[in-house]
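Welcome! Take a moment to look over the sequence and the 3D view before reading on.

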Amino acid sequence: MIEPIGESQRREVEAMTEHYIREAEAVFGRRFRRVPVAFDLKGRSAGMFRTQGRHGIIRYNPWIFAKYFEENLHDTVAHEVAHYIVHEVFGRRVRPHGEEWQALMTHFGATPKATFQLDLSGVPQRRQATHRYACDCRIHDVSTTRHNRVQRGVGLYHCIKCDGQLVYAP
């Protein structure tokens, strides 16, 4: 099992995040708030920019960074900072990997692509919980997202084999 990156590499990632924000400030001729950085992301994503109310956060996956540090130090950090800057400049009016994001990635000297294809063996994977539902012919494992929709009364699911409605079976 891979160990997550340590403090010195986290500082390098934070410094590279700052570097790209400064580059964006030069491009747009304005200052940007410094976005919090966390190293708590799990699963198959190396990074994520997310808004929380009026503020954003950049989250990095410390296990993927440990396995592919140099690639992520440049590409993933540029990718997430570009999302943050595009959000600050254009808001939600543009596509996440649209032309504004691609132009900024190109300016950063990073490849403007949305995903990577790297071997993630040894990297802890996030597992989504499932919930048991039954129809007329069998038991189904339903994702937490779908389960929550059913519980809120905004989702209704049917079996593709018998067309029976799925009913929660705890």
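Which residue in β5 is the bridge partner of Thr 130? The partner is Ser 143. Keep that pair in mind as we walk through the model, which is a predicted one.

## The overall picture

The protein chain has five helices and six strands. Starting at the N terminus, these elements follow the pattern α-β-β-β-α-α-α-β-β-α-β. With a radius of gyration of 20 Å, the chain is well over the 15 Å that the globule rule gives for 170 residues, so it is more spread out than a compact globule.

Along the principal axes, the C-alpha atoms fill a box of roughly 60 × 40 × 25 Å. Of the 170 residues, 37% count as buried. Among contacts with a separation of 6 or more, 49% come from residues 24 or more positions apart.

## The sheet of β1, β3 and β2

Let us begin with an open sheet of three strands, ordered β1-β3-β2 and mixed in its pairing. The edge strands are β1 (37-38) and β2 (47-52), and each of them pairs on one side only. Helix α3, residues 69-90, packs on this sheet and touches β2 and β3. The direction of α3 makes about 20° with that of β2.

Strand β3 covers residues 55-60 and pairs with β2 in the antiparallel sense, over six bridges. One example to find in the view is Met 48, whose bridge partner in β3 is Arg 59.

Where does Glu 80 sit? Glu 80 has its place in helix α3. This residue is buried yet has no salt bridge. Arg 59 carries the nearest side chain of opposite charge, and it is 10.0 Å away.

Another open sheet of three strands has the order β5-β4-β6, and its pairing is antiparallel. Strands β5 (139-143) and β6 (167-168) stand at the edges with a single partner strand each, so one side of each is left without a neighbour in the sheet.

Strand β4, residues 130-134, pairs with β5 over five bridges in the antiparallel sense. Here we meet our opening pair again: Thr 130 has Ser 143 as its bridge partner in β5. Helix α5, made up of residues 144-152, lies across β4, β5 and β6. This helix runs at about 95° to β5.

Methods. Residues numbered from 1 in each chain as written. Predicted model: local features only at pLDDT ≥ 70, side-chain atom pairs only at ≥ 80, totals over all residues. Heavy atoms only, no water. Pairing = 2+ DSSP bridges. Helix = DSSP H or I, 4+ residues; strand = E, 2+ residues; numbered from the N terminus. Contact = heavy atoms within 4.5 Å. Axes fitted to C-alpha atoms, helices over the stretch in contact; angles between N-to-C directions. Buried < 20%, exposed > 50% of the residue type's maximum accessible area, 1.4 Å probe, protein only. Lys, Arg positive; Asp, Glu negative; His and termini not counted. Salt bridge = Lys/Arg side-chain N within 4 Å of Asp/Glu carboxyl O. Rg over C-alpha atoms; globule rule 2.2 N^0.38 Å.
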